[in-house]
Each structure stands twice: as C-alpha cells, then as structure tokens.
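Please look over the sequence and the model below before reading on.

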Amino acid sequence: MTRQASPFANAQGSRTVTLSVQSWVGAQANVAVAQYLLERELGYRVDTVQVDEVPAWDALSQGRVDAILEDWGHPEQERRYVEDKRTIVDGGRLGVTGHIGWFVPTYFAKQHPDVTDWKNLDKYADRFRTPESGGKGQLLDGSPSYVTNDKALVKNLDLDYRVVFAGSEAAQITQMRQFAKERKPFLTYWYSPQWLFEKVPMTEVELPEYEEGCDADPEAVACAYPHTPLRKYLNSDFARSGGDAAAFLRNFKWTTEDQNEVSLMIADQKLTPDRAAAKWAERHESTWKAWLPG
C-alpha cells in the first residue's frame, strides 16, 4: 500500500485527487466515471490506488487517498475514524443499494425449486461438490478480503458445505461462466448490483431473515446479509480543503443501472475504463451535469 500510495493525496492547494479503487468492477466503474469527469470537466489530475476494503480506510484516514466511492459497510472503521478520530467524513450515498447473498443458477432453481430455501441445501450438497470442496458441497466465494460471513454461516447453520475462495471477482466470474456454459449446478456468494446477472441469470437462496444486529458478532452470524445503501467517504482534510473536487465527489450519485452499464462495458465488452466512462458520459449528460459544483 505504501508503495502504491500517491504522493499527491491530500496535497493542500494542488489540483490532484487520489481515489481508492476496489477490486470489483462496480467500484472500478464509479472511479472511471469520477476520474473522467474530474479531469475533463474540472481540470484535475486523478491518481488511483487499488487497495483492499479495510486497508483503504486506514489509507483514507492517513490522507494517502482522498476518497472511497463505494463502501459496503464497515461499522468498526466508521466508529474509529468517523466518530472517534474524525479523520474521515461521510460523503453521502452513492445512490446504489448493495446486497450480498447466496445464489444458484436460475436453470438449476427451475429444475429444483426447493433449493432456494437454505434448509434444503444439504439435500443438494453432492450436486455442488467439487475437487476443491473436499467431499462437501462447494460454496464459491470471491476474495477473502470482501465482506463475507460465509464460513460462520456454514458452521452456525450446520451445513454440509465448504467455502472455497476463487481469489478475486474476475476469477469467480470465470468459474461461474464456465459452470453456466456446461449447465452445471453451483452455489455461490454473489452480490448486486453486478453486471453478470445479465449474462448468467441467478436466483437467490433464502437464508434466515436479517434483523438489525444479527450480524454483530462475526463468529455467531446465522442470518442473511442486509440490503446496504452504499456510501462514499472522504478524508476530513480533503473534505474541508478539496474545493471543487470534494464538492463533486459529494454530489456524485447514480443508479444501479448506470453502474451496471459502465461495468458491462469494462468487464464484458473489454473497453478501457476511460473509454467506458466516456461512452456513459456521452449518453447521460443531464445526470453528471448535476454533480458539477455551481
């Protein structure tokens, strides 16, 4: 992280902004559009730093990055940096609501409708078995750095499954698309918004209902994931002295459909993030014009 950090982050008076970009494509879409508009409409130079979710909070607090544009909920970091140290400020809602869950391909759910109730998952464990899952059903996850309660859920719900990490969103997508191509059943940790639903229709498995606080103890979690309005966070010094850039990032707010449009261009159509951002900007001028400082 130290080697990657921009020397320009939190530089008083400079027209440079450093954005943290997470490893999933939705977050890359946010940053691509923000960077495109900050550079072309407001005349800033934008640097990006790829760093995992929790270390990104540390970097933001220290001023090594100026903003995080998509956070999926980190209560411990919010208490430490926003409430206690006040080195980070809430930058407002992104406009997108995120949801993590367990999913099976819709073609399998149509054949076996009862698989969508977690209580019936053990009935299908042998169908989801892989060489990596060691005789149990496989629950495919992405990166261990993502927000995940899956190991605790498998243990606390007493399921005959093993969590297997693909290692990254890209690697997970590759596996899921291969399963789908072969029409094989699979059970996966996945999230929305995410462009892959357009290519591989999936149906959510109902976990025990989420209630406020049911995930407070990470070891004891036995409930579904919440629906989380995704938020932006700014370094507090940058929020005060970042001028038009800070105002723009506070104003940045778009829809799930917007994000998926850019994500699909980057991940599936293989456009560069800059080109994807340009195409989106051409189509949605009325949306982004409202983000520019008055």
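Lys 270 is found in the loop between α9 (residues 256-267) and α10 (273-283), where helices (H or I, at least four residues) and strands (E, at least two) are DSSP runs, numbered from the N terminus. Its phi is near 65°, a positive value in a residue other than glycine. Lys 270 counts as exposed because its relative accessibility is 65%, given that exposed means over 50% relative accessible area, buried under 20%, and partly exposed in between (1.4 Å probe, protein chains only).

The model is a predicted one, in which local features need pLDDT of at least 70 and side-chain atom pairs count only at pLDDT 80 or more, while totals for chains, interfaces and linings use all residues. Residues are numbered from 1 along each chain as its sequence is written, and side-chain values use heavy atoms, with hydrogens and water left out.

A positive phi also occurs at Arg 86, a residue other than glycine, where the angle is near 55°. Arg 86 sits in the loop between α3 and β4, and with a relative accessible area of 63% this residue is exposed. Another backbone detail concerns Pro 193, which is found in the loop between β7 (187-192) and β8 (202-205): the peptide bond from Ser 192 to Pro 193 is cis, with omega near 5°.

Which residues have the most contacts inside the largest nonpolar core? They are Trp 102, Phe 248, Leu 249 and Trp 254, in a core of 87 residues, where a nonpolar core is a set of buried Ala, Val, Leu, Ile, Met, Phe, Trp, Tyr and Cys residues joined through side-chain atoms within 4.5 Å. Helix α1 (residues 25-42) contributes the largest share of this core, eleven residues. A second, separate core has eleven residues, including Ala 59, Ile 68, Tyr 81 and Ile 88.

Phe 248 also belongs to helix α8 (residues 243-251), in which Ala 245, Ala 246, Phe 248 and Leu 249 are buried. These residues lie on the same side of α8, because they cover an arc of only 160° around the axis, the arc being that of the directions from the helix axis to the C-beta atoms. The elements covering the buried residues of α8 include β1 (16-21), α1, β3 (67-71), β9 (227-235) and α7 (236-241). Leaving aside neighbours within four places in sequence, Phe 248 is in contact (heavy atoms within 4.5 Å) with Ala 34, Leu 37, Leu 38, Leu 42, Trp 291, Leu 292 and Pro 293.

Gln 22, in the loop between β1 and α1, counts as buried because its relative accessibility is 4%. Not counting residues up to four places away in sequence, Gln 22 touches several residues, among them Val 51, Asp 52, Glu 53, Ile 68 and Glu 70.

On a 1 Å grid over the protein atoms alone, a cavity is a set of points where a 1.4 Å probe fits but cannot get out, and a pocket is an open set with protein on both sides within 12 Å along at least five of seven lines; lining residues have an atom within 4 Å of a point. Grid points are joined across faces, edges and corners, and a volume is the space filled by probe spheres set on the points.

| Space | Volume |
|---|---|
| Largest pocket | about 1000 Å³ |
| Second largest pocket | about 270 Å³ |
| Largest cavity | about 80 Å³ |
| Second largest cavity | about 50 Å³ |

The largest pocket is lined by 36 residues, of which Gly 73, Pro 75, Val 147, Asn 149 and Asp 215 lie nearest its centre, and α3 gives the most to this lining, with five residues. In the second largest pocket there are 15 lining residues, and those nearest the centre are Ala 170, Ile 173, Trp 195, Ala 267 and Lys 270; the largest share of that lining, five residues, comes from α6.

The count comes to three cavities of 30 Å³ or more. Residues lining the largest cavity include Trp 24, Glu 53, Trp 72 and Tyr 191, while the lining of the second largest cavity includes Trp 24, Trp 72, Tyr 191 and Pro 193. To the lining of the second largest cavity α9 gives the most, with three residues.
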